[in-house]
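Hi,

Here is the structure I said I would pass on. Have a look at it first, and my notes follow below.

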Amino acid sequence: MGKPIGETMTSKTNIESYLEKCEAILCWADEKDRGFDTEFVESVADQLEAGRDPSEKQMAAIDNIIDKFHIEV
């Protein structure tokens, strides 16, 4: 059963924000064939595109990747 109204983890805007972050990571990874394993990021992006909320840990992991590698969004 889904989450009650008002208890969704992300708004449409937040989902779009994380989709943009995933796309930025994937573009960064493709540049100069960095050898970065994109499987996790692709999985989260697919989940977001399907309209499903990511977990708090998934969002934190995306943010950590952005911060660690200084990826511009």
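The side chains of K21 and D63 form a salt bridge, with 2.7 Å from N to O. The term here means a side-chain nitrogen of Lys or Arg within 4 Å of a carboxyl oxygen of Asp or Glu. The structure has one salt bridge. K21 belongs to helix α1 and D63 to helix α3, so the pair ties together parts that are 42 residues apart in sequence. As for the background, side chains of opposite charge can pair when their charged atoms come close.

Before you go further, keep in mind that this is a predicted model: local features need pLDDT of at least 70 and side-chain atom pairs count only at pLDDT 80 or more, while totals for chains, interfaces and linings use all residues. Residues are numbered from 1 along each chain as its sequence is written, and side-chain values use heavy atoms, with hydrogens and water left out. Helices (H or I, at least four residues) and strands (E, at least two) are DSSP runs, numbered from the N terminus.

K21 counts as buried because its relative accessibility is 17%, whereas D63, at 22%, counts as partly exposed. The cut-offs are under 20% relative accessible area for buried, over 50% for exposed, and partly exposed in between (1.4 Å probe, protein chains only).

I66 is in helix α3 and is buried, at 10% relative accessibility. Leaving aside neighbours within four places in sequence, I66 is in contact (heavy atoms within 4.5 Å) with K21, I25, I71 and V73.

Next, the rings. Which residues do ring pairs link into a cluster? They are W28, F36 and F69. The structure holds three aromatic pairs. W28 and F36 have ring centres 5.4 Å apart and planes at 75°, so that pair is edge-to-face. W28 and F69 have centres 4.9 Å apart and planes at 40°, so that one is tilted. Rings of Phe, Tyr and Trp (its six-membered ring) pair if their centres lie within 6.5 Å; planes under 30 degrees apart count as stacked, over 60 as edge-to-face and the rest as tilted. W28 is buried at 13% relative accessibility, F36 is partly exposed at 22%, and F69 is partly exposed at 32%.

Two last residues. T38 is in the loop between α1 (12–30) and α2 (39–49). Is T38 buried or exposed? Buried, with a relative accessible area of 16%. Not counting residues up to four places away in sequence, T38 touches L26 and A29.

H70 is in the segment after α3 (56–68) and is exposed, at 69% relative accessibility. What is the phi of H70? Positive, at about 55°, although H70 is not a glycine. Most residues other than glycine have a negative phi.

Cheers
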